[in-house]
Amino acid sequence: MLALNCHGAEIDTDHVLAGIVRESGSLGSQVMLDLQIDPREAEQIVSTLHPHEENVSTPQMTDALRRGLALSAEESRWFGHHYIGTEHLLLALARSRDGGAPNLLRQLDISPDQIRRRVRLLLNDGVTELSIEAAKRVARLSELSRRVLNAASQLATDADQTAGLAHLLLVLARERRSMASRILRECGLDQDRLETAIGTFYK
């Protein structure tokens, strides 16, 4: 959505980084707020990093972002986690030298080391992203949202895995009635590749 709002033709690493900052309640957002990052400032900077394009309906992910998503899976494995959360995305974007994220961090005057230290501090204190089960208990959900969460939990249970964001993403991609499924398809999500990646990650 940020890429669309900025009239960009691509979704790059800086869009995801700014999206994490504005995702209130996530661990990644908490890290950036602890580092005194203003979401509005981050989005304003992102809007200057990409050319303005007219009539863009489906921005495409850059290769830099694809590599960043792969790095987030590595970060999760290093911590021994069975999910990919905003904290792993944040660590991956801090590691990445591709795309607009390094430029955005420089303009925000934040170093990758500051991000890594803060994430590790929170994780060492036992702070993690809300699990799917916890989200079901505390959130006010539509009936469709509740079914999606239940389906993600069942998907993980059937595979003898811990339910996480990867399962939720797969169920959202499958749920053709939801706006999220349409957005994922328009952004070029390959459902078959996603299912393969989840199966590989949880082995």
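A residue is called buried here if its relative accessible area is under 20% and exposed if that area is over 50%, with partly exposed in between. In this predicted model, the buried residues of helix α2 are Thr13, Asp14, His15, Leu17, Ala18, Ile20 and Val21. Because seven of the ten residues of α2 are buried, this helix is largely enclosed by the rest of the structure.

## Overall composition

The secondary structure of the protein consists of 13 helices and two strands. Of the 203 residues in the protein, 41% are buried. Its accessible surface is about 11,400 Å², and carbon and sulfur atoms contribute 49% of that area. Among the contacts with a separation of 6 or more, 64% are between residues 24 or more positions apart.

## Helix packing

Two packed helices are described by the angle between their axes and the distance between the axes.

| Helix pair | Angle between axes | Distance between axes |
|---|---|---|
| α2 and α6 | roughly 140° | within 10 Å |
| α3 and α8 | about 125° | 10 Å |
| α11 and α12 | about 95° | 7 Å |

Helix α2 spans residues 13–22 and helix α6 spans residues 86–95, and their axes cross at roughly 140°; the two helices are therefore oblique to each other. The crossing of α2 and α6 is left-handed. On the α2 side the contact involves Thr13, Val16, Leu17 and Ile20, which meet Thr86, Leu89, Leu90 and Leu93 of α6. By class, this contact of α2 with α6 has six nonpolar and two polar residues, with no charged ones. An α-helix has 3.6 residues a turn, so residues three or four places apart point the same way.

Helix α3 covers residues 27–34, and its buried residues are Leu27, Gly28, Ser29, Val31 and Met32. The elements that cover these buried residues of α3 include α2, α6, α7 (101–108) and α8 (112–124). With α8, α3 packs at an angle of about 125° and with the axes 10 Å apart, and that angle makes α3 oblique to α8. The crossing in which α3 passes α8 is right-handed. In this contact, Leu27, Val31, Met32 and Asp34 of α3 meet Ile115, Arg118, Val119, Leu122 and Leu123 of α8. The residues of the contact of α3 with α8 divide into seven nonpolar and two charged, with no polar ones.

Helix α11 and helix α12 (residues 179–186) have axes 7 Å apart and pack at about 95°, and they are therefore roughly perpendicular to each other. The contact is made by Leu169, Leu172 and Ala173 of α11 together with Ala180, Ser181 and Leu184 of α12. By class, the contact of α11 with α12 has five nonpolar residues, one polar residue and no charged residues.

## Arg174 in helix α11

Arg174 lies in helix α11, which runs over residues 165–174. Is this residue buried, partly exposed or exposed? With a relative accessible area of 39%, Arg174 is partly exposed. If its neighbours within four places in sequence are left aside, Arg174 is in contact with Leu155, Gln191 and Glu195. The C-alpha atoms of Arg174 and Val148 are separated by 9.5 Å, although these residues are 26 residues apart along the chain.

## Loop residues with positive phi

Most residues other than glycine have a negative phi, and most peptide bonds are trans. Where in the structure is Gln36 placed? Gln36 is in the loop between α3 and α4 (39–49), and its phi is near 65°, a positive value in a residue other than glycine. At 72% relative accessibility, Gln36 counts as exposed.

Asp109 is in the loop between α7 and α8, and its phi is near 60°, again a positive value in a residue other than glycine. Asp109 is exposed, with a relative accessible area of 67%.

Conventions
Residues are numbered from 1 along each chain as its sequence is written. This is a predicted model: local features need pLDDT of at least 70, side-chain atom pairs count only at pLDDT 80 or more; totals for chains, interfaces and linings use all residues. Side-chain values use heavy atoms; hydrogens and water are left out. Axes are lines fitted to C-alpha atoms, for helices over the stretch in contact, and angles run from 0 to 180 degrees between N-to-C directions. Helices (H or I, at least four residues) and strands (E, at least two) are DSSP runs, numbered from the N terminus. Angles under 35 degrees count as roughly parallel, over 145 as roughly antiparallel, 65 to 115 as roughly perpendicular and the rest as oblique. A crossing is left-handed if the near helix is turned anticlockwise from the far one by less than a right angle, and right-handed if clockwise. Contact means heavy atoms within 4.5 Å. Ala, Val, Leu, Ile, Met, Phe, Trp, Tyr, Cys and Pro count as nonpolar, Asp, Glu, Lys and Arg as charged, and the others, Gly among them, as polar. Buried means under 20% relative accessible area, exposed over 50%, partly exposed in between (1.4 Å probe, protein chains only). Accessible areas come from the Shrake-Rupley method with a 1.4 Å probe; for residues, only the protein chains shown count as cover.
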